[in-house]
Structures are given as C-alpha cells and as structure tokens.
Amino acid sequence: MARQSSFRNFAIGSTLLWISIFVIVPYAFVIVVSFLTRDADTNIRWIFTVENYRELVSPVFLEVCKESLWLAFGTTVLSLLAAYPFAYLLTRIPENVRRFLILLMIIPFWTSSLIRTYSLIILFKANGLVNTVLLALGLTDQPVELLYTQGAVFIGLVYALLPFMIMPLYSALQKMDRRLIEAARDLGARGWQIFFKIVLPITMPGIMAGCTMVFLPALGLFYIPDLVGGARTMLIGNYIKNQYLTTGNWPVGSAASVVLTVFLCLFLYGYYLSSRNAHTKQGVEGGLV
Amino acid sequence: MKKTFKYFYLVLVYLFLYTPILVLIVFSFNKTKYSTNWKGFTLEWYRQLFENEPLMEALGNSLMIALSSSICATFLGTLAALAFYRYRFWGRKVMYSFIYVVMMSPDIVMGISLLMFFISLGLEPGALTLLLAHITFCLPFVVVTVYARISGFDHHIIDVAKDLGASELKMFWHVMMPMIMPAIVAGWLLSFTLSLDDVVVSFFTTGPYFEILPLKIYSMVRLGIKPEINALSTMMLLLSLVTVTISHLVIKENKQ
C-alpha cells in the first residue's frame, strides 16, 4: 500500500512541481512585471504603474501592432486558401498513395523553420534561382528585388507555417462523415450549398485550429522578418525582442507579451465556441441521416 | 479534366514546400560560392564545415541539449500523462489546461518569461537554463502524445492487473508501459526534433558562452549566405527526415 501511494505521489508531485515552477510562476511573473517600473540597473523596480500599457497605445507600438496583425492576418488567409483545397484533395487520393503523400506533408512540419527560411533566401536573393529564371525567360532585364520586401515576409511566413494549417484541416476533413454529402446531394443540394452549409460548418474546428496555429506564431516569429524582410518589417515579436535585448525595458516587453497572450486567449475561445457548435451540428444532422 | 486539375494542385503545393529545400541541398554540393549556376560537384563545403570549430562546437552543444532535454521531457511527460489519466488530484484540471497553454502560447512569451525568471533567480543564462527551458517546452508534446495513447485503450486491463494482485508500480511497468511504448518513442523523437530546431526560446534562455546551432546559423545567415551553412542545413534536414520517418513508422505500427 505504501509503495502504491509513493508512486502516485511521485507522478503527481513531479508534474505539479515542474509545471508550477517553470510555467505558472514565470507566466505570472510576466503579468506582475508588466505593472512594475523600469530600472536601468536591476531591470525592474517594485513600484506599481500602468505606464507600460500606456506606452503600448503610443503611435510606435500601434503601428507595429497594425503591421503585425496585417501580416499575421494575411498569412493566415493565404495559408487557409492554399491549404483547404489541398487538404480536401488529399482526402480523395487512394489510400496507398495517400500514406506517402502525408509523410511528404509531415516532413516540412518537422524541419527547422529557420533552415527553411534560409532556403528561401537562396531562392530569392538578387542572383538567386528565381531571378535567374526570370532573366532567362526575358520577363525582366535586370534582377528584381525580391528579398527585403513585405511580399517576401508574407512568403516566408506562409512557407514556414503552411504545414500547421494543412494538418488540422486534413484531420477535420478526414473525420467528416461523407454520407452527409451524399444525403445532401440526394436531397437536391447544389455543390456550393453542400460546401457552405455542410462541409464548412463541420470542418470549422479544424479551420479554427489551423488559423490559431498560423496566426499566433506569425505574430511572434521574429527571425523571419529579420532574415527576409530586412529591418523594415516589424512583428510584435520583433518589438518584444527589442524591448529585452536593445532597450532592456522589461516592463514594456512584458506588457506587450500580455497583449499577445490576450490574442491567444481570444483565439482559443473562438476555437472552443466553433468546436462546440460543430459538435451539436454534426450530432443533429448526423442523427437525421 | 477535373482529375488533372486535382493532381496539378497537389503537385503545385508540394513544389512550393520542397523546391527551396531541394535547391538548398543541391547547392551544398555546388562548386561555385556565390552565383546560382551549377559549376560542378564538390564536397569542399562539407570539409570546411567539419573544420569550422565554433560551428562544430555549437553542433555538439545542440545535440547534447536535444538529447538530454528530450530524455528528461519524455520521462517527466510520461509520468505526467499517467498521473493525469490514472489519478484524481487537486489542481488536475488546471494543470492539464496549462499543458495546452504551454503548447499554444507563442514561443516568444515563453522565452521572455523564462528569461526574466532565471535572471531573477540569479541563474546565469547558459547550458542549465537552456536545458530547463527545452524540457519545459517539450513536455506538453510528450504528455499529449502519451495521454492520447493511454485513453485509447480498455481501462479494464488496469482493474484486471490490480485484481490479480499487481502493485501500482508493477502494473505500470508490466501492463501500461508496453502498451504506451510507441507513443513514448514518438514523443521522444518529437521532443528531440523540437529541441534541436528551436530558435525563439533558446534565443532568450542561453548566454554568449553556450552557443547552439540554430542561433549560430541565425547570426551567420543575417550576415549573408555561406556555403558551409548549406552543407550544415542539408545534414540537419537529413536528420529530421530520418527522425520523422522513424516516428511515422512507429506510429503506424502503433495503429495496427
């Protein structure tokens, strides 16, 4: 009996301890620091203030926020538009080929996004492959500046995050009961009706999951704009990084992180709502079939 | 017509995903340093890579951290998954939701939270802080993988083992462990890859005296293209390829 409870206590204790020390305490500390005063020597002084949040409504941060949200939003939309038909087509491929195709899709998911970003640079630099092809085809008579533009940042982010959109979409489409579509067709629904009234609502949790997994990292992946966008493009991630490394302003960096986490919570709530709705819908409609 | 379009679109997306990687691999064997023309096959960049001591040291550090953090994360994560599945305890739900918070929260928030935490504790950023940070961000992936596997099987097996007189520890070791082994291996491989590839959290949690590969690559790439980096990236890609293939096979076996 004593040994049973000692194993139990060890398993529970180590879990509680690790999560408390390395997750809960540091995250709580971020919130606390976001309300403290900056100090040049000790980083923070224990004087309460909301000044850091006021700093965030300054034009500088709002501009960063606007650009960052625009980039993240654009990346999410582009990824969704590219990934949805892809994931759908993938479910229609014969099983034996599909296994291989899925493996091919997972590999980029597992490879370092830094290295993949670097491979984009090779492709896009002034004397890179894309420019060589463009020149050879006579589409341009001098190398086009592809790197260090907003377009490059978009491509970089989509390239890094596309697998994160495909995976949840594929699993949602895969799980969908195909009899629903047949039933709708038998009842005389048109293609677009089937898509908007059945497929889209049922796969909504997958869409939300994919969007979350693309949108949130897209706000924070500071090294992608750093590498392909030059210094011109700033994400919230770059802003936070600069607060810690360049200006050494912990409180403002913390406040910006809190704002980023609030975005996260909103997204997770949206995911929760959409999956709840989809469950009831599939339940009701599935019951009718 | 419809069928051709279907394959065309799939091929297009795969081309988008793979062209840059393949170009990178091809260029790591290209004789010329700067232009994009093919000037012949060479292993020169690989030779330079192996002679580049700081880079090799960073590679060693990275492998060491990835290996130790993934083993620790797998151990802790498996224990945690068992605890979450088997026991009801105070704070269980809150802790489990924190597992998801860690997995979903932007890397940068985790990076800065740990940075401030370690510095406030007086810990010098370096190997130890990096190890602790990596264990922390790998942990949820192990927990989720193993938990999904445990909740998939018939829980009566546990009752049977207990009825036959197995102690709690024996039951875990002889009954549950063999069943969740594939998930443990998958979780471990995933942790290893995550740790090896991480840029953002490492950026904040390591110091100038303990350099790891992704950060080294990051700082080198900012200064421009280097052929050794092509060679190094190719090797890293190969490593990921091996890991993902193994884990894929393990999981597939697991399903059968």
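Trainee: How many residues of domain 1 of chain B are in contact with domain 2 of chain B, and what makes a pair a contact?

Mentor: Six residues of domain 1 of chain B touch six of domain 2 of chain B. A pair counts if the C-beta atoms, placed from the backbone, lie within 7 Å. Mind that this is a predicted model, where local features need pLDDT of at least 70 and side-chain atom pairs pLDDT 80 or more, while totals for chains, interfaces and linings use all residues. Residues are numbered from 1 along each chain as its sequence is written, and chains are lettered from A and ligands numbered from 1 in the order in which they are written.

Trainee: Where do the domain bounds come from?

Mentor: From an automatic or database domain assignment, which gives 1–42 and 46–255 in chain B. Taken over C-alpha atoms, their centres are 31 Å apart.

Trainee: How many residues does chain A bring to chain B, and of what class?

Mentor: 67 residues of chain A meet 63 of chain B. The chain A side splits into 46 nonpolar, 15 polar and six charged residues. Nonpolar means Ala, Val, Leu, Ile, Met, Phe, Trp, Tyr, Cys or Pro; charged means Asp, Glu, Lys or Arg; the others, Gly among them, are polar.

Trainee: What makes a helix a helix here, and how is its expected span set?

Mentor: A helix is a DSSP run of H or I with at least four residues, numbered from the N terminus. The expected span is 1.5 Å times one less than the number of residues. Helix α6 of chain B (127–152) has 26 residues and reaches 38 Å from first to last C-alpha, close to the expected 38 Å.

Trainee: Where does α6(B) bend?

Mentor: At Cys138(B), by about 30 degrees, with Pro140(B) following within four residues. The bend is the angle between axes fitted to the seven residues ending there and the seven starting there.

Trainee: What makes a nonpolar core, and how many residues has the largest?

Mentor: Buried Ala, Val, Leu, Ile, Met, Phe, Trp, Tyr and Cys residues, joined through C-beta atoms within 7 Å, form one. The largest has 150 residues, with Ile166(A) and Leu169(A) making the most contacts inside it. Helix α7 (150–175) of chain A gives the most, 17 residues.

Key. Two residues are in contact if their C-beta atoms, placed from the backbone, lie within 7 Å. Helices (H or I, at least four residues) and strands (E, at least two) are DSSP runs, numbered from the N terminus. A residue is buried if 20 or more other C-beta atoms lie within 10 Å of its own, exposed if 12 or fewer, and partly exposed in between; C-beta atoms are placed from the backbone.
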